[in-house]
Amino acid sequence: MTSRLYSYLTLAVVFLFLIGPFVIIVAAALSGGETLAFPPQGLSLKWIAKVFTVESFRQSFALSMFLAIFGTLAALVLGVPVAYAASRYRLPFGEVIRTVVSAPIIVPGIIVGLALLRYLVIPLNVSVGLALFIAHTALILPYAVRVVSASLDNLRSDIEEAAVLLGSSRLATFFRIVLPNIQSGILAAFILGFVTSFNQVPVSLFLSGPGVRTLPIDMIWYMEITYDPSVAALAALLAFLSISIVFLAERFLGFSRYV
Amino acid sequence: MSDPAYLDLKELTLAYGKTIAVDRLNLPIRKGELIALLGPSGCGKTTTMRAITGLLKPASGTITLDGRDITRLPANKREVGLVFQSYALFPHLSVFENVAFGLRLRKLPSAEINRQVGDGLALVGLSRFHNRKPAELSGGQQQRVALARSLVMQPKVLLLDEPLSNLDARLRLEMRTELQRVQRESGVTMVFVTHDQNEALALADRIVVMKDGRIEQLGSPEDVYNRPVSRFVADFVGFENIFSVENGRLHTQNGPVDLSVPVPPETSGLAWRPKMVRLGEGRFEGEVLGVAFAGGTREYLLKTELGPIKAEMDAAAPAFAPGSRLSFDLPTENAATLQRM
């Protein structure tokens, strides 16, 4: 009886820590007061409305969207062939390739950001925007390779041989047979990459410049200057966006199979 | 064998890294023949088949098909069909589109594709399944789709990898009849791979028994079943009592035994199926170790001065009890004479 009590208690604490911050942010976002505070002073939607009027939020949101969409697409363009090669051929340096590809997950983001700033942006005069794009692509690549590999491993390779024996070239076989059968894996990788890129802080922190800031970095900046609940409102909006994407993905793809 | 070979494998050698899987194989196959490659796993039968498809490149040797050297021709240009053991249907396409896949690559007009796919599916008795997905079909139905998919391409050779092994006994008989009918109607040259001697005996015009990457015996089902040339083949087709012959005498674990009839000088072994052993009379004595009722017959395991002997007798005859002693004979004139041990 006591052990059951303890397990319920543990569960309650876990939920408190997982969902608590979210509840606080949503409450703060709906505050009628002038400063970021909990419990909120009155209820209003004015901070939610204000989010859409802040020019820097709009700019950084556009940049973050651009990075998340095109960084993920670039990572998929690079990652799908890597995943395919790794699953179908015994590559001479297969293990090395796998390690290099997953390095961005293992190396702390702070170090990646600093390295890119120090050795790409400063000496080579690469624009911060391009460096951000490269960094996000590299960060998403491991996820793209992994998730796509998982669906490739579930796809028997003899169906490709069957297509070849029916007259299809290897390349056409990839597009006609392999791609249609791993599309849910690719979509899952896209969603995972999108969310990863959108939430990325440490690397983006180093790669910021005048007018070039991703949304999370811009939120930090904003908070240092203006301590009003609009940041909480923005955070709540983003949380709802993420939740609905993942909900839809789970509903239609069985997203949790891949992550 | 006076016909020129339609599909001709000459000195074909295949290797995986340093392991030789098929060693200088020579195999001429006539047009319209149904050939079985028979052997245990690892004998090189599947490797040989993959070499014919072009999915595997030979280390040396040539493959000629219909008068043309196809050794270096890529797999997608060979006009060779393969029905995979796993069927390998395209899971995202309907039955119709699976069968139409190769025809679409040939850029045939759609009316022609409709007609050919319709004919193909009718041939295998699946006319009502056009819109199903492979996952909605039974194993036997999937296999027939795979067969139709290969057949509509009108391949010069159709290869089948263990075509009956994934089916239950009833479906197996049905599919066997189906394959023979399809072969008769289409006249396509067929080569199938199997480890099951019954499958090979029932289906094939000629059987190629393989061992360690070489042909052990090539012959008609009757030849292979009744006149195995070596200990390996004899063992594979159910001769359970095999003895070597030295200097015209039977070599047993208790020394040489005279034969009742002289055998040809090149004979190096003799083999008897259990049912060829004569029980109840003869020059040898044995003790019944075990007896098992097998429906129409009773199977005996005997302990004898020649070594263990497996025998079989009509179940209608009176049974010998375990532990009883009886005389028996291995009639030399019934035995299969082996050239290699």
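How much space lies in the second largest cavity, and which residues line the second largest cavity?

Mentor: This is a predicted model, and the values below are computed from it. About 40 Å³ of space lies in the second largest cavity. Its lining consists of B:Leu65, B:Arg68, B:Ile70, B:Leu73, B:Lys77, B:Arg78, B:Glu79 and B:Lys156. Sorted by class, the lining of the second largest cavity has five charged residues, three nonpolar and no polar. B:Leu65, B:Ile70 and B:Leu73 are the nonpolar ones, because Leu and Ile count as nonpolar. B:Glu79 is among the charged residues, since Glu counts as charged.

To place this cavity, consider the search as a whole. Over the whole structure, two cavities of 30 Å³ or more are found. The largest cavity has a volume of about 60 Å³. Lining the largest cavity are B:Gly140, B:Arg144, B:Leu167, B:Leu171, B:Glu174, B:Met175 and B:Glu178. Two helices of chain B, H4 (139-151) and H5 (169-186), each supply at least two residues of that lining. H5(B) gives the most, with four residues. The lining of the largest cavity divides into three charged residues, three nonpolar and one polar.

In short, the second largest cavity has five charged residues in its lining, and the largest cavity has three.

Technical notes
Residues are numbered from 1 along each chain as its sequence is written. Chains are lettered from A and ligands numbered from 1 in the order in which they are written. This is a predicted model: local features need pLDDT of at least 70, side-chain atom pairs count only at pLDDT 80 or more; totals for chains, interfaces and linings use all residues. Side-chain values use heavy atoms; hydrogens and water are left out. On a 1 Å grid over the protein atoms alone, a cavity is a set of points where a 1.4 Å probe fits but cannot get out, and a pocket is an open set with protein on both sides within 12 Å along at least five of seven lines; lining residues have an atom within 4 Å of a point. Grid points are joined across faces, edges and corners, and a volume is the space filled by probe spheres set on the points.
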